[in-house]
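Subject: Structure handover

Hello,

Here is the structure for your files. My notes on what was found in it follow below.

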Amino acid sequence: MLSLGPLGAHISPLSCSTYHAPLLQSKRLSPAPTAPASAAAASCAPRSLCFLRRRSSRFAAERTRRPTMAAAISLEAGGGLAHDLGSAAVTAGVALALLKFFEELAKRGVFEQKLSRKLVHISVGLVFLLFWPLFSSGWYAPFLAALAPGVNIIRMLLLGLGLMKNEAMVKSMSRSGDYRELLKGPLYYATTVTLATSVLWRTSPVAIALICNLCAGDGIADVVGRHLGKEKLPYNPNKSYAGSIAMAVAGFLASVGYMHYFHTFGFIEETWYMALGFLMVSVAATLVESHPISTELDDNLTVPLTSFLVGSLIF
């Protein structure tokens, strides 16, 4: 215990070790000041040092002040794994219910097949992103979250290889109703979302850009292009100006929306630079999607690949 004179101010070694130990270790102790000066230092130094530390780590402080509910459970009660298993079950249940909903619509012929396919394309990935904040900060969280799209990889393989039959699901996800189509676009889609979840996760703006351009961007492009795409692109008669513009705008707006959404939980920063980066990624993905090579390969493959490469360079 170090006494600071007749004012009775005391600083214990335990209280100093948390914030000021590096400062005390890096400097030699000077002769003890007079009592008034020492009391002033005791009252002012901790405030100034804490203020500097807050400014130098503003983002870390924001994450501390706004933890997710799951992170709090993981830290306080030690129930992170159990909580994440429950979150994975809820997420998978919602994803399955959404797919079943569109299967029923396909059975009843509510929408034409191409529109039904694109509605699945747009909604499933974007709804899945909404559940990421439910998971804790444990290392196992992204892998448990990836179980929902990972199960769809297996389903696409079984259906595409003809080992499992589900005509309604095939109709809602394929262009022509041929089950073998599920081994291309739908399989690439499920694989993309699974990898973005398990490898990049919610602190990465690349994951946001990748999924938003794949789901919102590519999905809206087809819907708008079929209804308003009279003016075709000079280098690809199968693509239109309206569809390409809609893709860039939708991918960008969805990316910015999820940037704000994840920022409210303290996962990423919300800056103009990041917003500009999302715009650049969406434009790049649109240019590649409009190129004939995307038709030859599959835009569910070229769009996320472009988003990943450009996003990695920018962010």
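Leaving aside neighbours within four places in sequence, K239 is in contact (heavy atoms within 4.5 Å) with K232, L233, E289, S290, T295 and D299. K239 lies in strand β4, residues 236-240; strands are DSSP runs of E, at least two residues, and helices are runs of H or I, at least four, numbered from the N terminus. K239 is buried, with a relative accessible area of 18%; buried means under 20%, exposed over 50% and partly exposed in between, with a 1.4 Å probe and protein chains only. T295 is 56 residues from K239 in sequence, and their C-alpha atoms are 9.9 Å apart.

This is a predicted model, in which local features need pLDDT of at least 70 and side-chain atom pairs count only at pLDDT 80 or more, while totals for chains, interfaces and linings use all residues. Residues are numbered from 1 along each chain as its sequence is written, and side-chain values use heavy atoms, without hydrogens and water.

The mean pLDDT (the predictor's confidence in each residue, from 0 to 100) is 79 for the chain, and 75% of residues reach 70 or more. Over residues 1-77 the pLDDT is below 50.

F262 touches, beyond four places in sequence, L129, W132, P133, R202, I208, F267 and I268.

L279 is in helix α14, residues 272-290. At 35% relative accessibility, L279 counts as partly exposed.

Regards
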